[in-house]
Amino acid sequence: MTDSKTQRLRRSGTLNPNPERVSDPLFADSEFFDPRDLLQVRYEMVRRTEEASLREAAERFGASVPTCVRANRAFREGGLEALIPQRRGPRGAHKITAEIIAFVEDYKTRHGPISSRRLAPLIAEHFGVTLHPRGLDKAIARAKKKPRRRS
């Protein structure tokens, strides 16, 4: 059974996947310090590096030395907010531009319904971009949900 704090941490993206690795005394039997709270663990790890080595801090907080180094840099450059884990990978369809979506809409208007599997080679020929048909389907669906703004 998952408690409400665990659910909140999961929704915010700050649920520590390995709370059992946190061995710092602050987190032992504490009402305040919670090893499940990744933001709190990272902040305390950064604070610990003020008096301990990176290796020791990383070990106490269940992280690798490179993670500890990145957390320190992130905190210096962006404060507490920078310690919140960010989603990895591209943010959205970076190859499928508004120009490509307009091309698809125009092509379908002039030639009628056509599958993304048949559109992908046309896009490759016209724009020099290789697309997966499923990615194109998703981009077209997103474009239909969010109509283009007219200037």
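Reader: What makes Arg-110 and Asp-106 a salt bridge?

Author: In this predicted model, their side chains meet at 3.0 Å, N to O. A salt bridge is a side-chain nitrogen of Lys or Arg within 4 Å of a carboxyl oxygen of Asp or Glu, so the pair qualifies. By this rule the count comes to eleven salt bridges.

Reader: How are Arg-110 and Asp-106 placed in helix α5?

Author: They are four residues apart in helix α5 (residues 98–111), and therefore separated by about one helical turn. Helices are DSSP runs of H or I with at least four residues, numbered from the N terminus.

Reader: Why is Arg-110 called exposed?

Author: Its relative accessibility is 52%. Buried means under 20% relative accessible area, exposed over 50%, and partly exposed in between (1.4 Å probe, protein chains only). Asp-106, at 38%, is therefore partly exposed.

Reader: What can be said of Arg-36 and Asp-34?

Author: Their side chains form a salt bridge at 2.8 Å, N to O. Asp-34 counts as buried because its relative accessibility is 9%. Arg-36 has 23%, so it is partly exposed.

Reader: Is Arg-48 buried or exposed?

Author: Arg-48 is buried, because its relative accessible area is 14%. Its salt-bridge partner Glu-51, at 2.8 Å, N to O, is exposed at 63%.

Reader: Which residues are linked with Arg-48 in a network of salt bridges?

Author: Asp-24, Glu-51, Glu-56 and Arg-60 are linked with Arg-48 in that network.

Reader: What rules apply to the numbering and the values?

Author: Residues are numbered from 1 along each chain as its sequence is written, and side-chain values use heavy atoms, leaving out hydrogens and water. Local features need pLDDT of at least 70 and side-chain atom pairs count only at pLDDT 80 or more, while totals for chains, interfaces and linings use all residues.

Key. Helices (H or I, at least four residues) and strands (E, at least two) are DSSP runs, numbered from the N terminus.
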